[in-house]
Amino acid sequence: MIKFSEKQPLVFTIADRCKTCYTCIRECPAKAISMQNGQANVIVERCIGCGNCVKVCTRKAKSFFNEEQQVLHLLKTKKDCIACVAPAFPAEFKEFEDHRIVVGMLKKLGFDKVVEVSFGADLVAMRYEELLLSDDHKKYISSDCPAIVSYINKYYPQLTRSLDPIVSPLMAIVRVIKELYGKERETVFIGPCVAKKNESDDPDYVLTFQEIRNMFETENIKSEDCEPVEFDPPLGGRGAAFPISRGLINTINIEENLIQGNIIVAEGRENFKEAINEFDNGYIDDHNLELLCCEGCIMGPGMYSEGKRYENRAYITRYVRRKLDNINVQEWENYINRFSSINLDRSFSQDDSRVKVPSEEEIEALYHKMGKHDKQDRLDCHACGYESCREHAIAVLRGLAEIDMCLPYTLDKLNTMVSELNIKNIKLESVQQALKQSEKLAHLGQLAAGIAHEINNPLGVVIMYSNIMLDEINPNDEAYEDLKLITEQAMRCKNIVSGLLNFARKNKVKFTSVNIADFINNCLKAVIIPANIEVEQKNYLSNFSTAIDEEQMTQAITNILKNAIEAMPEGGKLYIELNNEKENVKIIIKDTGTGITDDHKDKLFTPFFTTKEFGKGTGLGLPTSYGIIKMHKGKINVDSNCNPKKGKVGTKFTITLPQLNES
Ligand code: ADP
Ligand code: MG
């Protein structure tokens with residue numbers, strides 16, 4: 001028998017194909033699959049080899065140990081190998097009405113003899129009957145399904161002693177063959193079962209129907225080239241019904257209620273576990289259990305042709321009927337008598353693979369970590385592949401599962417992530433907008449600085465000479481007024497040019513520590529406030545000191561103050577508030593002026609944007625202020641309403657500056 005290990009597992013995952021669907025976890029009766037980074041892995045020491053995961057994985061990401069090459073090699077080197085064909089074969093080879101074709105193909109492949117396992121089933125059933133009718137009142141669990149045997153030894157070792165101590169039909173036929181045909185003969189089982197590969201040292205090799213079909217293909221064995229040949233003796237009897245539900249009972253040739261009524265049959269991964277659990281708890285321990293891991297061997301994972309359960313069953317019963325109609329009873333009885341005393345004893349050993357259940361505190365703590373604070377949060381939705389939230393939590397604590405496998409938890413996490421992303425997106429958008437704005441400003445600044453620099457010198461000459469001429473000319477001269485206009489307009493140009501130079505200034509900020517309240521008072525003094533404007537100042541500062549470039553910041557604040565005043569030609573109120581917010585100082589400048597339309601709001605900081613009449617505005621005030629505030633790593637925000645229907649009209653500029661220390 002091959003020793004399966006981590007290096008050479010019976011059932012394993014093909015990593016590239018596995019896509020987090022948890023189906024294998026759901027279907028694994030032994031919970032022998034762990035999840036790591038979204039990849040399912042078979043845990044060798046927990047695996048009972050049932051092959052359920054192989055059967056259910058639609059991506060074909062699970063496979064099992066393949067013995068095709070070894071057997072092909074064997075057949076080529078040894079001439080006297082014997083094939084033992086499982087009684088499930090009529091459900092596999094549905095395409096051949098005559099079962100003898102299959103035998104013919106196997107012989108062509110190189111087998112010397114082809115024997116039915118069903119004769120072994122006949123012998124086992126008889127021994128089982130004796131056991132059940134014996135005087136000891138012990139109750140038994142059938143041991144013909146190797147996955148069930150493995151499950152009990154691993155997870156209910158206290159029930160190992162309840163396994164019926166009889167070999168499986170396959171092991172029985174191998175013992176018969178060795179006696180009949182010689183001990184040195186190599187034996188190869190061919191059937192629907194993966195777990196058989198791990199059952200015993202007899203036979204020498206185990207092939208699934210899938211593997212034998214592959215071998216037919218590689219060796220180019222076609223049914224039409226093969227002679228129909230009958231199975232080699234000993235031919236099986238009712239044992240041919242073994243692979244279907246209640247097969248074992250049906251094989252026992254009695255109808256007595258004594259036995260029938262005493263056996264509970266359970267098959268399929270859910271049912272067999274339930275039956276074992278109830279047996280262990282003493283609810284049904286006055287019954288014998290006939291258990292199959294699959295829904296009958298006819299649905300085993302090694303079947304190549306998928307087939308429906310009842311269709312498969314029908315193929316078996318038809319075959320059995322035909323067989324029993326044509327059986328040579330005398331010959332069968334002769335063989336039965338000949339082998340009736342063959343040793344069919346078997347013993348089992350425990351293979352305790354149970355792991356400690358984590359404490360209730362640990363489970364509770366994990367529930368909380370997953371946001372399952374209350375009972376109603378534990379939905380037992382099965383999406384993770386486990387039967388309940390509790391089972392999942394236990395698996396997580398044992399390192400077999402991941403928290404993310406919980407669908408409600410993952411959805412919650414995704415929802416939070418989506419809203420966080422939305423917030424980040426909004427932030428990103430505003431940062432992008434600000435970036436665009438500053439890029440625009442930077443380009444314009446460069447252009448403006450270039451032009452202003454070029455114009456500044458000739459303009460200086462114009463101003464100087466027009467002023468000299470103005471000094472020298474008689475004010476009564478008719479050219480005097482013209483000359484005065486030239487001087488004035490040249491001065492205006494100079495203002496614009498210096499505004500441009502200010503806006504485009506690349507010089508560094510020169511921080512000095514100031515008292516921000518005094519600083520604001522000085523700014524107010526630098527602007528002319530008409531009499532019809534009332535000024536209100538509020539100072540909520542707790543920390544007055546901050547480091548700024550006083551000269552530049554004066555310019556920024558006076559620009560904003562001037563705008564506020566210019567927005568209130570009919571008079572109004574200028575409100576100035578100072579306060580601290582975290583590590584910042586906030587300067588709020590509010591007016592009751594005209595307000596700004598939404599349309600204009602977007603353009604406020606664009607150079608040369610002005611709504612003021614020709615000659616009054618340059619459109620450089622706010623862009624300059626913006627540049628200065630940014631250089632201080634500060635922020636400037638505008639709130640404005642120009643619609644009296646929507647509330648008080650006016651504009652509020654909020655300047656936030658980090659409260660730095662002088663450095
Ligand atoms: P200018 O004052 O030379 O027009 P600014 O850059 O200082 O240039 O201002 C640009 C425009 O922003 C102004 O023309 C005006 O339309 C608008 N604005 C600025 N501040 C205010 C305010 N407090 N109230 C109303 N409009 C304002
Ligand atoms: Mg202005």
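In the predicted model, a polar backbone atom of Leu622 lies 2.8 Å from an oxygen atom of ligand 1. A backbone N or O atom of Gly621 is also placed 3.4 Å from an oxygen atom of the ligand, while an N or O atom in the side chain of Thr611 stands 2.4 Å from an oxygen atom of ligand 1. Taken on its own, ligand 1 has 530 Å² of accessible area, of which the protein covers 94%.

The space that ligand 1 takes up is the largest pocket. Two or more residues of the shell around the ligand are given by each of the elements α20 (550-566), α22 (621-631) and β17 (650-658), and among these contributions that of α22, with three residues, is the largest share. The shell comprises 21 residues, of which Asn563, Asp591, Thr610, Thr611 and Lys612 come nearest to ligand 1. Sorted by class, the residues of this shell are nine nonpolar, ten polar and two charged.

With regard to the chain as a whole, the domain assignment divides it into domain 1 (1-64), domain 2 (66-338), domain 3 (360-405), domain 4 (427-504) and domain 5 (508-663). Between domain 2 and domain 4, the C-alpha centres are separated by 104 Å.

Methods:
Residues are numbered from 1 along each chain as its sequence is written. Chains are lettered from A and ligands numbered from 1 in the order in which they are written. This is a predicted model: local features need pLDDT of at least 70, side-chain atom pairs count only at pLDDT 80 or more; totals for chains, interfaces and linings use all residues. Side-chain values use heavy atoms; hydrogens and water are left out. A residue is near a molecule or strand if one of its heavy atoms lies within 4 Å of it. A polar contact is a pair of N or O atoms within 3.5 Å; within protein, one must be able to donate a hydrogen and the other to accept it, and residues adjacent in sequence count only if both atoms are side-chain atoms. Accessible areas come from the Shrake-Rupley method with a 1.4 Å probe; for residues, only the protein chains shown count as cover. On a 1 Å grid over the protein atoms alone, a cavity is a set of points where a 1.4 Å probe fits but cannot get out, and a pocket is an open set with protein on both sides within 12 Å along at least five of seven lines; lining residues have an atom within 4 Å of a point. A molecule sits in a cavity or pocket if more than half of its atoms lie within 2 Å of its grid points. Helices (H or I, at least four residues) and strands (E, at least two) are DSSP runs, numbered from the N terminus. Ala, Val, Leu, Ile, Met, Phe, Trp, Tyr, Cys and Pro count as nonpolar, Asp, Glu, Lys and Arg as charged, and the others, Gly among them, as polar. Domain bounds come from an automatic or database domain assignment.
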